[in-house]
Every structure is written in structure tokens, then in C-alpha cells.
Amino acid sequence: MTANSNRRKAFLEEMDLGPLWTQRHAPSGPEDALAAPDDGTAMPGREAGAQRSAQVAMPVEEAGLPVHPSAPPQPEVALMDWATLKANVAGCVKCDLCRGRTRTVFGVGDEKARWLFIGEGPGRNEDLQGEPFVGQAGKLLDNMLIAMGLRRGENAYIANIVKCRPTDDNGRDRPPTADEVAACLPYLERQIELIQPTMLVALGKTAALALLGLDPDTPVSRLRGKIHRYAGRPLVVTYHPAYLLRNMADKRKSWEDLSLAMATYAGAD
Ligand code: URA
């Protein structure tokens, strides 16, 4: 057995459900099981990156950039190449989320990945660092990837439904509104077109409902355990990693979802 497969085996054992899949936060009460939390997870080990980010970024309002609707017209997002798309996201003022952001969070990973994982939107740590899933939920997501034989940046790409951090009046993370999702979704749609992934995994309620165009009242528990389609590509819905941190018992169900995705991937052309 290679070092790699040993490592993978160790992670798989932890699905059932050992040290790396341990609960880091006390349960915070019942809520929609697929919804992302607004817990502003502490983020050990990334402090250097956060400091670097804080030095170079400033909220759009402070930078004096115009915010919609007076924003200059954008070239057609659906025609953009990677560089143009990244530049446009970095300067985006299509919705009010730009006012409070430190950095946009474009996405990270292999731009030719066969696997695309899609979360809700940046939290506090992601806003500081400009990279998706860098907190504890991100560590869990990385472990999920490794258990699947993937890695952030190796045949996997990680993106979000919205590129700027949504916060409530108290500065806490919140899910994006329908208008914010609508403003931002063309960027993700273009990323998907450019990546051409074989398999999509929606992490949580916001991603699932946005990608599948479903009414917010859709009982999302019904979305798990099935192969959906997004622009003709298979899509599996599973729990948001931050939810799993608070609800360890559902890690097993999440592994079932990921196993379904792997079986689908294996059978794909
Ligand atoms: N939660 C998300 O949905 N996305 C991130 O990038 C971080 C936390």
C-alpha cells in the first residue's frame, strides 16, 4: 500500500467517524440541516495569510468605487476568459455585498478539475484571505476531498454561490438573499463553463437551491440521495461542512452522498 493510499484509508476510517471528523463547536440547536451556519469559525494556522490580505484590501466604499446601479456596464460574463472573469469579480459592484467586503472570493483549485464543490459564500476568514473554505469547515472539506482521493487543487475546484461575504446588521455571517444570488450567479456559471467539470457537489441548502433553481420552500432533505442535473452535468447535494461540524451524526450520511457522487463519476463518460 502506498503512502497516499494509507493516508486515504486513515481518512476513510475517520468517516466512521474518528479524530479528524470531530466536533469542534457545541451544537447550536436545530436549524435547516443543509443550511450554512453563521458561526464565524475560528481559523487557526492561517493568520499569516489573513494579515497579508488585510494589508492589501479595503472595502469598496472606502476605495471610492461606484456601487450599482451607476456601475459601468460589464462585458458579457458568459464570454469572459479566466483572466477577465477574475478581474471582473475582483472589481464587482453588482450588489450591495461589495460595500462590506475585504476581498472577493473567486474560487480555488484546478481549473481543469473534473470535480467542482460549491458552497454558499465567504465567511469572515474567507473574506480576509480571498479563498473559499479556509476555516474549520474548510479543514473538514479538505478531509472529505482526501477521503475521495482528491485534494484542493488536484482534480478539484472549490467555489461559492456568491463571491462576497454576506453579513447581517450585527456583522455576523448570513445566507445571501435571492437578489445577491441572482447578481453573482453568472460568475459561477461562467466558471463552470470554463472548468467543464464532470461532477458537481452542492454543499448545503443555498448552493443546492441556487443551482437547481428551486423555490426556497423546497424541502431540501429530499434533495439528498439523488442525481440532479445542472446544465446537463450530474450534481449531488450533501450537507454543508460547517453543519457537519455541529452535527457529527450526519457525517455518515454525507459520506453516502459523496459515495453516490463517486459512483456517478465512475460511470460518467
Ligand atoms: N462557507 C461557505 O459556504 N463557503 C466558504 O467559502 C466558507 C464557508
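**The ligand site and the sheet**

Mentor: Around the ligand stand Gly119, Glu120, Gly121, Glu126, Pro132, Phe133, Asn160 and His240, each with a heavy atom within 4 Å of the ligand. The model is predicted, so local features need pLDDT of at least 70 and side-chain atom pairs pLDDT 80 or more, whereas totals for chains, interfaces and linings use all residues. Residues are numbered from 1 along each chain as its sequence is written, and side-chain values use heavy atoms, without hydrogens and water.

This shell comprises 2 nonpolar, 4 polar and 2 charged residues, where Ala, Val, Leu, Ile, Met, Phe, Trp, Tyr, Cys and Pro count as nonpolar, Asp, Glu, Lys and Arg as charged, and the others, including Gly, as polar. Among the polar contacts (here, pairs of N or O atoms within 3.5 Å), a backbone N or O atom of Phe133 is 2.9 Å from a ligand oxygen, while a polar side-chain atom of Asn160 is 2.8 Å from a ligand nitrogen. A side-chain N or O atom of His240 lies 2.8 Å from an oxygen atom of the ligand. Of the 240 Å² of accessible area that the ligand has on its own, the protein covers 91% (Shrake-Rupley method, 1.4 Å probe).

S5 runs antiparallel to S6 (residues 233-238), joined to it by 3 bridges, and Arg229 stands opposite Pro234 in S6.

Terms used:
A polar contact is a pair of N or O atoms within 3.5 Å; within protein, one must be able to donate a hydrogen and the other to accept it, and residues adjacent in sequence count only if both atoms are side-chain atoms. Two strands pair if DSSP finds at least two bridges between them. Helices (H or I, at least four residues) and strands (E, at least two) are DSSP runs, numbered from the N terminus.
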